[in-house]
Each structure stands twice: as C-alpha cells, then as structure tokens.
Amino acid sequence: MRELLTSAAILLAAPAFADRFELDAPVREAVLYPQGASVTRIARTELPEGAHELVIPGLPPGTSPDSLRVSAEGAGIGAVSLQRGRALPDSSADPDAIAAARQEVRRLERSLRAHDAEAELIAAEAETARDMVAFLKDLARSDSAGSGDVNALADMVGARILAARRSAIEAETRAFAAAQGRGEAERALENARQRLEALEQPPSDDRATLVIAVNGQGGPATLRITGHVDAASWAPVYDLRLDQEAGSLTLERGLLVSQSSGEDWSDVALTLSTSRPAQRSAPSELSPHRVRIYDPEDPVRPVYAETEMMAADMAGGALMKQPSPVADAARTEFMGATAIYRYDSPVDLRDGVDDLRLSLDRQDMPIEALVAEAVPARDSTAYLVADTENPLQEAILPGPATLYADGAMVGRTRLDLTAAGDEMKIGFGAIDGIMLERRLPDRQSGDMGLIRRSAALDETAILSAENLTGRDYRLRMIDRVPVSEQEALTVDWTASVPPDETDPDGKRGLLVWEMPLNAGQRQEITLTTSLRWPEDMELAE
C-alpha cells in the first residue's frame, strides 16, 4: 500500500492514459473532533493491468489538497491532482441517476395528462346529463306535448329526467374525487422535477475533482481517500435521573454530532475523539520583557522607549497568534489522555441540517448524600442536592445536562469538566414545601447607609427552615460572616448551633450546618456577628 500526499505542486498536466474511469467515492468513515473531522472516502472498481486515470468528481468546497491522503489496494498510486472550476471533457453527461429521474418525470407527466383526460370525460358526462334534463323539460312544455297519451308522456319525461339527474350527480361525484387525486399527482410530479433539476444542475465552480494516476494490477482495486473537514463537530449531552425512593442516580451520556461539509454523509462509521487537532499543539511563547529608565525631562526618550517596547510586544503577539498547524487527516493516535468513542451502527448525517444525537452509555453514580440545601440569605425555599462523584474511568466533559427527579423533568444545567473520581454536587430543583427565612430582629450601628462611621457594628440574624412537606429531609444550611483582611478590623461571631464546617473549599467566611429536618419540623439558628475598628477609620461593606 502506498500513500501520496497531494499538494499544489502536483497540479500539473497529466500524460495521456490508456483508460479513464469515473468513480464515486462517498464518505464511509469519519473521525469527529470537538471541532473538525477526518473523513475517509472509499472507491471500488475493476482495473485492467496497466496505467490508467481515475476521476472522482464532486468533492465539496473547501477540500484542502494538503490534507489529502490517498492509498490503494490492487493498484499503485502515481500523481494526484485536485482540480477546480471546470469539468473533465469526457466525464459522463447523462449518468444512470439522471436518466432514471428524467424517465420518472416523463411517466408522471403522462399519468397526469391521462388523469386530466379522464376528468374531462367525467365533466362531459355531467354536462350532457344536465343538458338532457333541460331538453326534457322543454319537451314537456312544448305544444306537441298536448297531443297523445298525456299520462304516458309525463311518465316517460319524469323517468328520463330522474335518470339524467342521477347520471349528473354520479358524474359530479366522480369529478370531485378526480380533482382530489390530481393534487397528489401534481405534488409527485413537482417532486420528481425537483429531483431531476438537482441532479442535472452542474456543480459549482468551487467543487473539486480528484484525478489519480494509477497502475492497475489486473483485478479489483480499492482506494481510500482521507482528508480534513473544518465544518464538523461533536459535543457531549447528558441526562441525570434521580430516584429518591430507590436512592439511585444514573448518568446517561449522549453525543450530539453535526457537519456542514458541503455534502450529505450516508452509512458512515463514526468515531468521536476528544483530541483537538484544530487547536494549538504547543504552548505559547513569551518574548523578552525589556525595561528602560529615562530622564523625565527628555520629551523624546519616553516615546522612543514605548515605541520599541510596543514593537517587541507586537512581534511576540504575532508569534503567538500564528495559525496552528492542522494534524494529519489520517492520523489516528488515540493514546494517553485522549478518549475515543466508536458508534457501532453506520449513521446518516446530512449537510447543515441534522444535529444527530447518539446514545453512548448509562452509568450508575454513587449518592454520598442527598440533602435539602438551604441558603436563606438568597433563597426562600430549599433545593434538592445530590453529592456524588464521577464514576467513569475518564473525565466527564463539559456539556449541557437535563435533570430528572422521580421521573419528572426539573431543570437543565451544564456539567463542568470533572476528572475521574472527583466530587460533584448536582441540584435537582426547588423543594417548594421547605420555607426559608433570614430575619434581622436587631441591627445596631452608628450612621445608616453603606459607610459606617461608628467604631462598631453588631448584627443578629435568625436563620430558619420549616418543612411543610410529607417527607423527611437532611438539611444543609449555609450562611456567611464577614471576613477581615486588616488587623485593625476584628470580626467575632457566635452561633446558637455550632456549624459542622467552616470555610468549605477554601471559601472564607462560609458556615455550613447539617441537621435532620423531618416532616412538619422547624429548625432555627441564631448567628451573631460583631465588628470593631478604630475610631478614626471608616467601614465599607
């Protein structure tokens, strides 16, 4: 198997070959990245022994020659040319698909004409029946109707009028049904004409044709053409399902894929990779940071120094903002921190239309704690929160998540990047029956307003949570006290119930209480805070 990198330098006039074969090479494999994709086209044919030219037309706009890789089984690869802007002189002008579409249009046109002729005959029957009714009425009123057997004439005219009216009604009923059927026939013909027009429309100038010189070995040959596509991507999507009765939490992972490459993909085997070849592969570089001193009395020197430093910064910025190299389109290095996801069944992915969601897997997540988390300083009700961890062997990637609690959808959130085994805290909506309050029964200080001018500030806050539901909960109450970073400003606080945790995750001043909150129960915590500072200083809150 031989590979050849195509490039602009190869776009040269090709020598005459014994045979030229035009092939279809649809996309059959795709490795999607968070931005971009590596796509592989496969073409199969029978090649006689000797030198030939293979022509693959209709490659989408934006096909990059430097990313193409061509390999073959059953043939040797020679020069490869990527042509744009003109069709090859002997490419097929009327392929089988166009001929079949044109034949279908003609068949539907004949069918519609036959339908219209039948409808006209039905209309003529109805008109003739109405004319017969008018004729019989005129006959009954004529002078000749007064002679002969009047009763027999009346019976004959009556029977004939009834039969004519029956014929008219039957013909009008058939004409109504025929009119309804014509609408369906018109739509079928219009669809067929649109398909034919799409097939007959010549490719735009920016579509490309790949011309490959090969040396056939006399037998079947398979070509693999791999290239990079920028307009394709995938992203993770999640469903999180909490069952309080069962005490279970499940993570359902999905993959949302889309592409706007300029062509539809059919029956494509998808592989999704977490690597990012569209981004930089190397860290940023720093340019030297030059400092100078200058005489402030010299008006020229500062300008010169600033100009030189700006030039150095611009040079460093240009270096940092150079386009990142694109990884080889056929490169399949999936090792180390790179995770890949293979989708077993081939999929169809239309150009610029489909956002296809693929199911990945379902994982059970451990529930370390399920609590009613309360922040009375901000909220009037508690929220159901599950403390869990990432159960996967790889990181959970950032992406949108839909939340379900006991079968009902309760909200949407976005999961952050979480390493394997790291802790997670997921909220599952408000618990409307747990009421929160933070009251300040007495606040004493000097002047009112944002700036305090007295040397002390005392605050007493009563935190309360009342459970009006029929379910018992574990309550997690969170509040805060001021934090001072100045030695002269002292902060003292006391709580009627000692907090179970202070400064969680390094967040200074936060206090956390955990306690039971059974159905119908009320919990209260009194938090007192005292601030002291020198008389000649001011307090800013």
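Figure 1. Asp503 is partly exposed, its relative accessible area being 37%. In this predicted model, the residue occupies the loop that runs between strand E25 (501-502) and strand E26 (510-517). The backbone of Asp503 has a phi near 50°, a positive value in a residue other than glycine. Most residues other than glycine have a negative phi. Asp503 also belongs to a surface patch of negative charge, in which it gathers with Glu368, Asp422, Glu423, Asp500, Glu501 and Asp505.

**Figure 2. Backbone of Asp267 in strand E12.** Asp267 is placed in strand E12, which covers residues 265-273. Its phi is near 50°, again a positive value in a residue other than glycine. The relative accessibility of Asp267 is 47%, so the residue counts as partly exposed.

**Figure 3. The aromatic pair Trp234 and Tyr341.** The model contains 1 aromatic pair. The ring centres of Trp234 and Tyr341 lie 5.8 Å apart and the ring planes stand at 80°, so the geometry is edge-to-face. Trp234 belongs to strand E10 (residues 232-243) and Tyr341 to strand E13 (residues 340-342), and the pair therefore ties together parts that are 107 residues apart in sequence. Trp234 is buried, with a relative accessible area of 5%. Tyr341 is likewise buried, with a value of 8%.

**Figure 4. The salt bridge between Glu29 and Arg224.** The count of salt bridges in the model comes to 24. One of them joins Glu29 and Arg224, whose closest N and O atoms are 2.8 Å apart. This pair links distant parts of the chain, since Glu29 is found in strand E3 (residues 27-32) and Arg224 in strand E9 (residues 219-229), 195 residues apart. Glu29 has a relative accessibility of 29% and counts as partly exposed. For Arg224 the relative accessibility is 29%, and this residue also counts as partly exposed. Side chains of opposite charge can pair when their charged atoms come close.

**Figure 5. The salt bridge between Arg438 and Asp479.** Between Arg438 and Asp479 the closest N and O atoms are 2.9 Å apart, and the two residues form a salt bridge. Arg438 is part of strand E20 (residues 423-444) and Asp479 of strand E23 (residues 473-480), so the contact ties together parts that are 41 residues apart in sequence.

Figure 6. Glu514 and Arg474 form a salt bridge in which the closest N and O atoms are 3.9 Å apart. The pair links distant parts of the chain, with Glu514 in strand E26 and Arg474 in strand E23, 40 residues apart. Glu514 is partly exposed, with a relative accessible area of 28%. Arg474 counts as partly exposed as well, its relative accessibility being 37%. Through salt bridges that share partners, Glu514 and Arg474 are joined with Glu373, Asp387, Lys425 and Arg476 into one network.

Note on methods. Residues numbered from 1 in each chain as written. Predicted model: local features only at pLDDT ≥ 70, side-chain atom pairs only at ≥ 80, totals over all residues. Heavy atoms only, no water. Patch = residues over 30% accessible without salt bridge, like charges linked within 9 Å, V, L, I, M, F, W, Y side chains within 5 Å. Areas by Shrake-Rupley, 256 points an atom, 1.4 Å probe, with all protein chains shown as cover. Salt bridge = Lys/Arg side-chain N within 4 Å of Asp/Glu carboxyl O. Lys, Arg positive; Asp, Glu negative; His and termini not counted. Charge placed at Lys NZ, Arg CZ, Asp CG, Glu CD. Helix = DSSP H or I, 4+ residues; strand = E, 2+ residues; numbered from the N terminus. Buried < 20%, exposed > 50% of the residue type's maximum accessible area, 1.4 Å probe, protein only. Phe/Tyr/Trp six-rings, centres within 6.5 Å; stacked < 30°, edge-to-face > 60°.
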